[in-house]
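Subject: The model you asked about

Hi,

Here is the structure, with the sequence alongside.

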Amino acid sequence: MIKSEIEKAFNAQINREFFSSYLYLSMSAYFQDINLLGFAHWMRIQAQEELLHATKMFDFVLERGGRVILDKIDKPENTWQSPIAAFEAAYKHEIFITENINNLVSLAIEHKDYASNSFLQWFVNEQVEEEATADEILKKLKL
Ligand code: FEO
């Protein structure tokens, strides 16, 4: 059985993952609008990945006997100054997500919730890739 404090933290993270999907979908629309269709496609794939992240956590909380409480999703930005600005925002957002995943891991360890800690390691590794990819594209764009 998952502890209520951890359940609450997972619910907050589920919301952030849904927001991430919303943000990248919004970026996809922005790129489509300025005719950068490759970037639009890339962002669309990212949006789908974020939905998977949210549902992975959703299923985990339920499997642990917890409750999933969905909250409203914030409105994402809908335009950026330039493609660089959009990728800077994406990179910054992934750093923010990494911080939150790390906080969740710390909480799990603090509560001796080893199942949550083990589950979260997938996300720890995933964040390394997510940050690296966004940073790589950003650096290429800056060139
Ligand atoms: Fe679900 Fe891009 O972090």
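Let me begin with Asp113. Setting aside neighbours within four places in sequence, Asp113 is in contact (heavy atoms within 4.5 Å) with Ile2, Ile6, Arg64 and Ala108. With Arg64 there is also a side-chain to side-chain polar contact of 3.2 Å. A polar contact here is a pair of N or O atoms within 3.5 Å; within protein, one must be able to donate a hydrogen and the other to accept it, and residues adjacent in sequence count only if both atoms are side-chain atoms. Asp113 sits in the loop between helix 3 (83-110) and helix 4 (114-142). Helices are DSSP runs of H or I with at least four residues, numbered from the N terminus. The relative accessible area of Asp113 is 8%, so this residue is buried. The cut-offs are under 20% relative accessible area for buried, over 50% for exposed and partly exposed in between, using a 1.4 Å probe and protein chains only.

Some housekeeping before the rest. This is a predicted model, where local features need pLDDT of at least 70 and side-chain atom pairs count only at pLDDT 80 or more, while totals for chains, interfaces and linings use all residues. Residues are numbered from 1 along each chain as its sequence is written, and side-chain values use heavy atoms, with hydrogens and water left out.

Now the cores. A nonpolar core means a set of buried Ala, Val, Leu, Ile, Met, Phe, Trp, Tyr and Cys residues joined through side-chain atoms within 4.5 Å. The largest one has 17 residues, and Phe10, Met57, Phe119, Leu120 and Phe123 are those with the most contacts inside it. Helix 1 (4-33), helix 2 (37-63), helix 3 and helix 4 each supply at least two of its residues, and helix 3 gives the most, with 5. Take Phe123 as an example: leaving out residues up to four places away in sequence, Phe123 touches His53, Lys56, Met57 and Ile101. There is also a second, separate core of 16 residues, which includes Tyr24, Tyr30, Ala40 and Ala90. As background, nonpolar side chains tend to be buried together in soluble globular proteins.

Tyr30, from that second core, is worth a click. Tyr30 is in helix 1 and counts as buried at 7% relative accessibility. Beyond four places in sequence, Tyr30 touches Asn78, Thr79, Trp80, Gln81, Ser82, Pro83 and Ala86. Asn78 is 48 residues from Tyr30 in sequence, yet the two are 6.7 Å apart in space, C-alpha to C-alpha.

Ser28 is in helix 1 as well, and is buried with a relative accessible area of 4%. Again not counting residues up to four places away, Ser28 touches Ala40, Met43 and Arg44.

How do helix 1 and helix 3 run relative to each other? Their axes come within 11 Å and cross at roughly 170°, so the two helices are roughly antiparallel. Axes are lines fitted to C-alpha atoms, for helices over the stretch in contact, and angles run from 0 to 180 degrees between N-to-C directions; over 145 counts as roughly antiparallel. The residues of this contact divide into 20 nonpolar, 4 polar and 4 charged.

Asn100, in helix 3, has a relative accessible area of 14% and is buried; outside four places in sequence, Asn100 touches Gln13 and Arg16. Asp135, in helix 4, counts as buried at 17% relative accessibility, and its side chain makes a polar contact of 2.8 Å with the side chain of Lys139.

Most residues other than glycine have a negative phi. Asn35, in the loop between helix 1 and helix 2, has a positive phi near 65° and counts as exposed at 62% relative accessibility. Lys112, in the loop between helix 3 and helix 4, has a positive phi of about 55° and is exposed at 59%.

Cheers

Conventions:
Parallel < 35°, antiparallel > 145°, perpendicular 65-115°, else oblique. Nonpolar A, V, L, I, M, F, W, Y, C, P; charged D, E, K, R; others polar.
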